[in-house]
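Try each task on your own before you read its solution.

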Amino acid sequence: MSVHIAAQPGDIAEKMIFPGDPIRAKIIAETYLEDAVCYNQVRGMLGYTGTHRGQRISVQGHGMGMPSMSIYAHELFAEYGVKQVIRVGTTGGLQEHVATRDVIMAQGACTDSNMNNRRFHGMSYAPLADFELLLRAYEQASSHDLSIKVGNVLTSDAFYASSEDEWKIFTGHGVLCIEMETAALYTIAAQFGVQALSLLTVSDHLITQERLSAEERQNGFMAMVELALMTLVD
Ligand code: HPA
């Protein structure tokens, strides 16, 4: 057992789906995994291991924001041997050509956070998706006629920003959308030699102010989980 995860070594699969919401982890396990066993309930951050099309897969909630996600990512990579991870999350659109319900593959992640400034002593690091996972997800999406956009995202520390338009400089530099975890996930994955990718459904839009209902969010989310599973399980 690690500090925040009550699993024994070997309880967690090398391949992982990584949603923010632990209830979504439960729904994913119940919907897509056979013989799913819950290995973690500490702090309600549910984690499950089962099989999908004959391969071992785990699903672990990571909470909101980089500090929470980083705790789980670090322990999963350092202590449980997770090797491939796909975050499945929601995001806010930052471009006119990005619409609600779109799926975004985060090729790279900018950030307004100080976490990587500390880690890299003020020098700039470019957090990137694992190319093999990105390519496989893109090919799966194309062969299933799923509309997908690939590009840069903004990982922010604040859901409720202190100034209304601080994201606009990122819109002006082609960044597709805003969320709260990817820059740290890609950085910690690089530290441990883990392959990582973030798949994001656009649930709201900072330019048009559109916002999906809870039901629409859930439908789009499960389509994206299926894409993540197709990417991890060949
Ligand atoms: N900001 C940050 N994270 C998000 C948003 C947002 O607007 N929408 C979904 N996740």
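**Exercise 1.** Find which strand gives the most residues to the shell around the ligand in this predicted model.

*Solution.* Start with the strand itself: S5 gives the most, with three residues. Next, list the shell, which consists of Thr90, Thr91, Gly92, Phe159, Ile178, Glu179, Met180, Ser203, Asp204 and Leu206. Then sort these residues by class: four are nonpolar, four polar and two charged.

**Exercise 2.** Work out which residues place a polar atom close to a nitrogen atom of the ligand, using a cut-off of 3.5 Å.

*Solution.* Begin with the side chains: Asp204 has a polar side-chain atom 2.8 Å from a ligand nitrogen. Move on to the backbone, where an N or O atom of Gly92 is 3.3 Å from a nitrogen atom of the ligand. Thr90 also takes part, with a polar backbone atom 3.4 Å from a ligand nitrogen. Finally, look at the cover: on its own the ligand has 260 Å² of accessible area, and the protein covers 90% of this.

**Exercise 3.** Decide which pocket the ligand takes up, and name the elements that give two or more residues to its shell.

*Solution.* The ligand takes up the space of the largest pocket. Strands S5 (84–93), S8 (177–179) and S9 (195–205) are the elements that each give two or more residues to the shell.

**Exercise 4.** Locate the salt bridge that Lys26 forms.

*Solution.* The partner is Glu30, with the closest N and O atoms 3.1 Å apart. Now place the pair: both residues lie in helix H1 (residues 22–32), four residues apart, or about one turn of the helix. Over the whole structure, a search finds six salt bridges.

Note on methods: Residues are numbered from 1 along each chain as its sequence is written. This is a predicted model: local features need pLDDT of at least 70, side-chain atom pairs count only at pLDDT 80 or more; totals for chains, interfaces and linings use all residues. Side-chain values use heavy atoms; hydrogens and water are left out. A residue is near a molecule or strand if one of its heavy atoms lies within 4 Å of it. A polar contact is a pair of N or O atoms within 3.5 Å; within protein, one must be able to donate a hydrogen and the other to accept it, and residues adjacent in sequence count only if both atoms are side-chain atoms. Accessible areas come from the Shrake-Rupley method with a 1.4 Å probe; for residues, only the protein chains shown count as cover. On a 1 Å grid over the protein atoms alone, a cavity is a set of points where a 1.4 Å probe fits but cannot get out, and a pocket is an open set with protein on both sides within 12 Å along at least five of seven lines; lining residues have an atom within 4 Å of a point. A molecule sits in a cavity or pocket if more than half of its atoms lie within 2 Å of its grid points. Ala, Val, Leu, Ile, Met, Phe, Trp, Tyr, Cys and Pro count as nonpolar, Asp, Glu, Lys and Arg as charged, and the others, Gly among them, as polar. A salt bridge is a side-chain nitrogen of Lys or Arg within 4 Å of a carboxyl oxygen of Asp or Glu.
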